[in-house]
Amino acid sequence: MLPKHLIKYFLFRILILLATIFTAFTITFVILKIMPIDIVNNIIARSMAVTGAALGDPEAVRRMYEIYYEIFGLKGTFIEQYVSFLNRFLTMDFGISILARPATVQEVISYRLPWTVALLVFSTILSWVIGNIIGAVVSLFEGSKLSNILQSLAIILYPIPYYVFALVLIYIFGYIIPLFSLTPIRLPSNIFSLEFIITVFRAMTLPALSIIVIGALGWWFLSSRAMALNIISEDFYLYGEIRGLPKLHLLKKYLLKNILLPQITALSINLGTIFGGALLTEILFNYPGLGTLLYQAVNAGDYPLVLGIVSMSIIGVAVATCIMDLLYPLIDPRIRYR
Amino acid sequence: MRKNWLKHRLSIYVLVCNFILLAVLTIPNSFTVTAMPQLPIPPGIPRGDVLVIENGVVCPGGWGPDPYQFNYYQVGWATACTGFLQTGCGSPLWYMNLTSGELILWLTEKPPIYSTDYKTLWIMLRKGISWSDGHPFTADDLIFTIEYCRKYPELGLCNVRITTNVESVRKLDDYTVEIKLKEPNPYYHYEWTMRHYGWPVNFYVIPKHVFEKIEDPVKYKFYPPVCLGPYKIVDADPTGKWYLWERLENWWGTKLLGIKPSPKYILFVALGSQERSVIAMANNELDFTEFTSEYVRIIMDRNPYAWAWNKRDFPWAWTRDEGTRELVFNILKYPFNLTEVRWALTYAIDYKVIFDAYKTPDGSSIVPNPLPVSRFYPLEQLYVSGLKTELMKYNLDTTPPSYIQDYLRVLGLDDAITWYKHDLEKAEELLKSVGFYRGSDGKWRLPDGKIFEVNLISLPGAEFSFPLVHIVADQWRRFGVDVKLEVIEAYWDRVYSHTWDVAFEWPGGGFPTLDWWETPREWHSKNCVPGARLPWVGYIMCYGLPPEKIPEGVRKNIEVAKTVFPDREKLDNLVEKYIDTPPWDPRIVDIVKDLLSIHLKYKFWITVFSPARYMVGNSYCWEGWPTLKERYAEPKPYCSSFLFTILGLKPSERCPIKESTTEPAKVPKGLTVELKPLVSEYPPTVTPTVITTPTMITITVVEERTRTIISTITTKVVEEVPTIDWTLLITMALVTLVIGAAGGYLIRARKK
Amino acid sequence: MNDEVLRIKNLSGGYLVKRDNTLDYIDAVNDVNIIIKRDEVFGIAGESGCGKSTLLKLLYGYVKSPLIIKKGEVLLSESTNYYLNILSLKNEEVKKKIWWKYISWIPQNSMNVLNPTIRIKDHFLEILRMHMKIERDEAHKLIVEYLGLLGLSKDIVNAFPHQLSGGMRQRIIIALALITRPKIVLADEPTTALDVVVQRGILQWLGYKQRELKNTMIIVSHDLSIHAMLSKRIGIMYAGKIVEISRSENIFEKPLHPYTQLLLSSLPRLGDKSLRIGITGSPPDLIRPPLGCRFHPRCPYCIERCIIEEPDLTEAEKDHFIACSRIEKR
Amino acid sequence: MGVRLVVQGLFKNIIKTRKMGLKFKAGATIFFVIMIFGLLSFLTPHYHSYWYHFPQAHPPSLQSVDFIFGTTSNGRSVFWSLTNAIVNSLIIAVVTSMLACHIGLIIGILSGIKGGVIDKIMMFLTDSFIAIPGLPLTIMLAMILKPIINLFLLGVIISIISWPWSARMIRAITLSLREKDFVIFAKFSGMSTWKIIFSEIFPHILGFHATNIINTMLGAIGAEVGLAFLGLSIIEMDTLGTMIYWIQRYGAILQNMWWWVVPPIATLILLFLSLYLVSTGIQEFLNPRLRRVK
């Protein structure tokens, strides 16, 4: 059985988590409400403009507006709408997406979630692993040629805006050397076939590459190298060396283990953000992920969909942070519950 | 010694880097990599069996959020990106042949038959038609459609439009339907005729046997759709990026009319951006799409198989779009309620700059248009040339550049009519006449001393608004007007908030028929009642009315100015007459002329041009795209009439084919009839002998003279495609040089 | 019987440091000669920065940039007549053959020297597997047994370093150094981080262990009281040189070198109420050490010869070596 | 926790790498050159803002200053656009960094020093802002403020998503400082909280704060380019983002108009590079621990 103070701490942490999610949701809702877009008006007005025909009876038009406001949950005062959306949020049922009507928000998200998760989990973890390992290894050879080249490369790659890099990738691999097709892909039904792997590879390589190269060689590399250098100067590392432990053992047990613990926190927050999608990357690569969907929804003022995706992201990040806070003491023996 | 070597090492590094880059970039290029099409089609289907269409500009964001939504009567444009319209899945009763204005009898055997008072419409359906699931198509389906819309207010627009227009609907026999209208309306058949888009412009018939089982019309998705067209949907991407349609082998059209489309499969893809479309078409992964004038020159350079409107010759531009591009004034708001201000802003625009901005290397561009009427047969001859003397009063440019005149002549248009003169003096004079004055900073001030500000709004996605709005904003600013340009995503919502001054729109235009189009119908002041939401036509219906008559929705948001409009009554009368006159009646010509004269006099909108659109087909795999010479269909890839483009295609020898037929399936001649709906006193089934009133059009219009003049124009030859893309390489090399130099500096710095 | 364990011969070493684009050599250890015998606790004392720790590092063969060896040998008596020069071996060889087999190390600053992310037993396991090639399970048993022998609780085997007190950690470190029963144990300021009470306990324990295992121990500390407690012989170091070596009684009872005298006089003694006199001045800059006797700028008995001539370590009395020109002359 | 270790790591790392001074010099030099370029914008001729004033898509030539970098597809001088873009982008960057960093500084120090309930509330607010996905939030705000958008407001929008990170970092540093002897000593000697903040904590945070300002500038420039990419920046003005937006819009890369493509992208990369180098350089320069090592 857990000690009393631990239970108290756990409960408090979960309370904070709920409060965070609630506040973030409220902020999003308020901002969405301030947004000068009335999607019902937008949709009807657009149809009317294209029709070019008189709508005739003003009463009928007014009724039409009313019906739509009702269907999309946009009826009533600000507070009423807030309560209704909060209710939807609590049941995690965001109702019908206005853009994709009559599909529900969950349905629309579920079409794209696998893509986003596949891309971002894959590329985030890969860049995390690569960046940290390179960072730690390079710190062992601090001052050598390899270290200098890698460091310079990272310093140059880190600040390149990734959309510039993405564009370069598209032009090189989509056009000059058309290795990767730019057309959307079709997933084979058999997910265990070679064809499936090739198809997914084709669709994901370029966007993943753009994230991995910049992520791995940028932030992860720089931060892990910084921490590794920090650890190398610590007494326990020196004592490890004095005890004549093999280099590989030092790298694994002394360097990486101590670097990875704080980096895991950063990774978990990063993984939490995947539910928001990678907006610019997805738009640039025409990738069918949540980011593009969110952008479309924001543009159109599709409240349920925006709130659905943003809430997922909020919950993702908040829960990831909370879980890390709770689990961290288990992973890192130095930290205790406060 | 060593240090010296170090110094050189930097430059060696950079040089080596650049050489490697150059090698990487050039080697594959010089071997000309043959791009393997990697289309999202099921395995085993050869490229030649698939027609790949990008439907581009109309879908919001290029793709639909829910790909399985085909219940098109629901609010929004659910089916916009699916190929639903283009494949004829949503089939109308009639198509309009947009190159001639003739009706194409599709699901019907006859043109619409009106009663003499235009309160009843009889529709005679074709016998033997079946839905794609084999169920026969009858009058019940049509009646069910109308009743379905009437029954559910949740369907919104569909419900509103049926309840406003239709009194009752009745089945005379299995193939004859009688629609009773609430008011006399000789235009009602347009609601069932596919002219330029599809729903919400016109209605489709929905299958009764499917929809009658539906309890909640809001939740129903109608997937897979049951169609009347020659294709059925096979598969759709869950993320809406593509839709694959397969030819229906037992289609009623093949049996009844002998039409069998050539492509076995049609793939509609969303590529997301023009760049990607260019690259895809250059790689022959795309067969048809629309480009903007910037990108069309790129694709014509990159792919020798790319065909524009006149194959690879002048003119590439297709200028027969039904809409004209206008800058619409918020005429309820001061100072835009003043005709002088509107004209002054018109004269401050230099159309030659706009022409140049849209110009492509071959010399084709937009068509300058002083009137909100489409510039093609017969509207050009009837109205634009017809109002020439009127137009000349308004300072028309009498000495346009010769290249613009030549261009107009090639298109068969009146080369004397270009646009208003860029006349800043006159504009200045007009503004001063209403009390405006220039401040010391050169900016215009309102009489009360405030700076004259114009809030110009535009859609971001509409490629035709760009760069027009930017150029106009720039020119007005040069003239001393403070322009605030806003490019807004939720444009329509903004328009309906009435809080803008000038908006980019396309309320003008027209079809190759005698009547202009629907917009003047709403100009009647009876539409301006307090409770109404103003339909989007620039508020002409409210112009000149006292502010208290203006709808509250408007008054809530803007301060409505008092306006003197002496022609208000005249306009109302004209609109009444316009509504009562059938579209095929020659008397309508004079009415429209008068309407246009009023419009011209008060300059409610600045009609800037008829757009030049660049519809590019890739003839690598599919040939027979409609061209200037073989103008059998409209080339717009997102409109319903694109079905006829599909029917005109045949495979080239270059791509492997398996199941596509080698011949195009042209529409038989007998299907198209002149747009002259029949007028009868009795329902057709009651008296089989239909009495047609002989209302022949007595105006003789000059046939377009396109073909004969082409040879007189010097066309610019498109340069040969270079195998190695040097400039790009140099760009890349320079970028790496900069990066390399910085990197090298760092490396050297550390070495010290 | 040869009871020599380690012979340090003319050992000189220091640090190469780059400052403002000039390479400076810090002369940390200069011409040191010591012979260390079996079963002996040898103390090295001196002010901070006099090169004690550097000397220890050189003895251990832990030579890593910027530390370099200038000249000299560290001879380890492997068998009766065979000496192995540690400094001639390659880095890897030293690591494999010498460390923890012949020489082990008790580091300074016990608070931070244990890897915080692995358990105590893992620290032992590492050494056993690396230096003794003992398999995991066997090693585990061995560790528990060993810790029991040392009088440590079995529970700490599974503890993480931060869960232990400073004294406990220090014990663990000492245990780590002794587990392979090396001939020589080097202790670099073994108890500086601890409070006096714990310090005393640890030192007693260390002395007890040494007597039990009968190995040689070299203790480096600036704290003379530690030496008083443990060391049998003491070498006093000043500015990279050994200035006096003798048995600890000699050093404490009748120090000969003026530096030692001053060092001792600054040490509080029981019952002595006179004011303690510190040594005036500060240790010399080892980049440019003073000519002649390195202590002469601070030496109260400085004569002309001290400035000119560098004194050698000579045996002034029996087993009492001293490097001072004045004494030599006497 | 992780953040704190990263920050500490960065600090220590910089102490270790002795040649950072060169990085600072290199960064400052590049930045200086870019700034000089930007200052040229004060000489911008009035006709620069006009479209089609120059021939379209004219390659670079030396006939006049306007043509040094050629002209764009809409007949504007790339040279003048670039000089203006640099200034405008830097204005956005400075506004953002000033706002975000100082809000972060105040909140971070307060919650770090005060602890308890204040800390809990502030951190939970910060966490809430961190939990909302950044770019969508910016997009929404940009859309709300579109009718009245200007450079300053754009800066405000971007700073809304950047302040929480500053606050967290500053708090982490303050927390570690709070445990330090000198702060405890100051506290025991009866110094008031504000005095402690200003005399004991602040000097130690200053180094991080300076680098944070520059890093935020870097982030703001990047965020502006991202917004512009979606058409949500101020398209009427020249910024680095809108320059890239127009390049994209006119397909300049595919049209091989390298003279239009290279300047903004190269400037962007160089600006990022220089700011990054300067920020690492400043860390080295202002860190008191580093000074001791020297």
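**Close-up 1. The side chain of B:Asp414 meets the backbone of B:Ala416 in this predicted model.** Here the side chain of B:Asp414 reaches the backbone nitrogen of B:Ala416 at 3.1 Å. To find the spot, look in chain B for the loop between helix H12 (402–410) and helix H13 (424–433), where B:Asp414 lies. Is B:Asp414 buried or exposed? Its relative accessibility is 14%, so B:Asp414 counts as buried. Leaving out residues up to four places away in sequence, B:Asp414 touches B:Arg375, B:Glu380, B:Ser385, B:Lys388 and B:Leu408.

**Close-up 2. Helices H3 and H4 of chain C cross each other.** H3 spans residues 120–132 and H4 spans residues 136–149. Their axes come within 10 Å and cross at roughly 120 degrees, and H3(C) and H4(C) are therefore oblique to each other. The crossing is a right-handed one. On the H3(C) side, the contact is made by C:Lys121, C:Asp122, C:Phe124, C:Leu125, C:Leu128 and C:Arg129. H4(C) brings in C:Arg136, C:Ala139, C:His140, C:Leu142, C:Ile143, C:Tyr146 and C:Leu147. Sort the residues of this contact by type and you get eight nonpolar, one polar and four charged.

**Close-up 3. C:Ser48 sits in a loop of chain C.** The loop runs between strand S3 (41–45) and helix H1 (52–60). With a relative accessibility of 57%, C:Ser48 counts as exposed, because the cut-off for that is over 50%. How far apart are the C-alpha atoms of C:Ser48 and C:His257? They are separated by 18 Å, while along the chain the two residues are 209 residues apart.

Definitions and conventions. Residues are numbered from 1 along each chain as its sequence is written. Chains are lettered from A and ligands numbered from 1 in the order in which they are written. This is a predicted model: local features need pLDDT of at least 70, side-chain atom pairs count only at pLDDT 80 or more; totals for chains, interfaces and linings use all residues. Side-chain values use heavy atoms; hydrogens and water are left out. Axes are lines fitted to C-alpha atoms, for helices over the stretch in contact, and angles run from 0 to 180 degrees between N-to-C directions. Helices (H or I, at least four residues) and strands (E, at least two) are DSSP runs, numbered from the N terminus. Angles under 35 degrees count as roughly parallel, over 145 as roughly antiparallel, 65 to 115 as roughly perpendicular and the rest as oblique. A crossing is left-handed if the near helix is turned anticlockwise from the far one by less than a right angle, and right-handed if clockwise. Contact means heavy atoms within 4.5 Å. Ala, Val, Leu, Ile, Met, Phe, Trp, Tyr, Cys and Pro count as nonpolar, Asp, Glu, Lys and Arg as charged, and the others, Gly among them, as polar. Buried means under 20% relative accessible area, exposed over 50%, partly exposed in between (1.4 Å probe, protein chains only). A polar contact is a pair of N or O atoms within 3.5 Å; within protein, one must be able to donate a hydrogen and the other to accept it, and residues adjacent in sequence count only if both atoms are side-chain atoms.
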